[in-house]
Amino acid sequence: PPARPRDAEVAGSDYERCMALAMIDPARALAEAQTWARDEGGDAAQHCAATALIQLGEPERAAELLERLGREALAPPHARAALLAQAGQLWLAAGRPDRAHAAATLGLAARPGDPELLTDRAIAAASQGRFDEAIEDLSRVVDLRPRQAEPLVLRASAWRQLGQPDLAGDDLARALALDPANPEALLERGLLRRDQ
C-alpha cells in the first residue's frame with residue numbers, strides 16, 4: 001500500500017505484524033484486523049483489513065474500505081490522496097471505471113494537480129468513452145511531466161479515439177523521441193496507421 005494511516009505510527013508493532021500477516025495469511029489477517037478495528041484499532045486496523053482483502057482477491061471490498069479511509073482517515077492530505085489512488089486502481093481492476101473516476105476526483109481534492117491521480121482519472125474517463133475529459137487531465141500531466149512518454153501515449157490514444165489522427169501522431173512522435181523503444185507508443189502508432 002502506498003500510504004500509512006497516521007495512527008499506524010501509534011499502533012507500531014501491531015500494525016507492522018498485521019501488514020506482514022496480510023501478505024502470508026490474508027484470511028487470518030482480515031479476521032484479526034476486524035477484531036482489532038472493533039477494539040479501537042482505528043485507521044491502522046482498517047488499512048490492514050483492506051490489504052488483506054486485496055490479497056484475498058476481493059478488489060471491490062478493498063476499494064470500498066480504502067475509499068472510506070481516504071475520505072475519513074486522520075492522515076495528511078498526501079496520504080489520503082494515496083489511499084484514494086489505490087482505491088481507484090482497484091475499482092478499475094474490478095471493472096468499475098465510474099467508481100475509479102470518483103475516487104481519483106476525491107484524491108485530487110486532497111492533493112490538487114497530482115500527476116498519478118490525474119492519469120488514473122483520465123484512464124477511468126477514457127474507459128467510459130469520455131475522451132475529451134481524459135485529454136484535459138492528460139494535458140495537465142504532460143505539462144507537469146514533459147519528459148515522460150506515458151502521458152503522451154495515453155493522450156494520443158484518446159485523440160485517435162476522437163478521430164484526430166494528426167494530434168495523435170504529434171503526441172506519438174514526441175513520445176517516441178523521448179523513448180524510441182516504448183512498446184505502448186509503438187503499438188499505438190500501429191493502431192493509428194491501421195485506422196488511416
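A: Arginine 28 counts as partly exposed because its relative accessibility is 46%; the classes are buried under 20% relative accessible area, exposed over 50% and partly exposed in between, with a 1.4 Å probe and protein chains only. The model is predicted, so local features need pLDDT of at least 70 and side-chain atom pairs pLDDT 80 or more, while totals for chains, interfaces and linings use all residues. Residues are numbered from 1 along each chain as its sequence is written, and side-chain values use heavy atoms, without hydrogens or water.

The side chain of arginine 28 meets that of glutamate 32 in a salt bridge, 3.1 Å from N to O; the term requires a side-chain nitrogen of Lys or Arg within 4 Å of a carboxyl oxygen of Asp or Glu. Both residues lie in helix α3, four residues apart, about one turn of the helix; helices are DSSP runs of H or I with at least four residues, numbered from the N terminus. Glutamate 32 is also partly exposed, at 25% relative accessibility.

A second pair is arginine 160 and aspartate 195, whose side chains meet in a salt bridge of 3.3 Å, N to O. Arginine 160 belongs to helix α10 (residues 149-161) and aspartate 195 to helix α12 (residues 183-195), so this pair ties together parts 35 residues apart in sequence. Arginine 160 is buried, at 14% relative accessibility, whereas aspartate 195 is partly exposed, at 42%. Aspartate 195 also forms a salt bridge with arginine 194, with 2.8 Å between the closest N and O atoms. Arginine 194 is exposed, with a relative accessible area of 57%.

Elsewhere, Glu64, Glu67, Arg71 and Arg99 are linked in a network of salt bridges. The whole structure has 15 salt bridges.

Now the nonpolar packing. The largest nonpolar core has 31 residues, of which Trp36 and Leu66 touch the most other members; such a core is a set of buried Ala, Val, Leu, Ile, Met, Phe, Trp, Tyr and Cys residues joined through side-chain atoms within 4.5 Å. Helices α2, α3 (26-38), α4 (42-55), α5 (59-72), α6 (77-93) and α7 (97-110) each supply at least two residues of this core. The most come from α4, with seven residues. Apart from this core lies another, of 15 residues, among them Val142, Trp159, Ala168 and Leu176.
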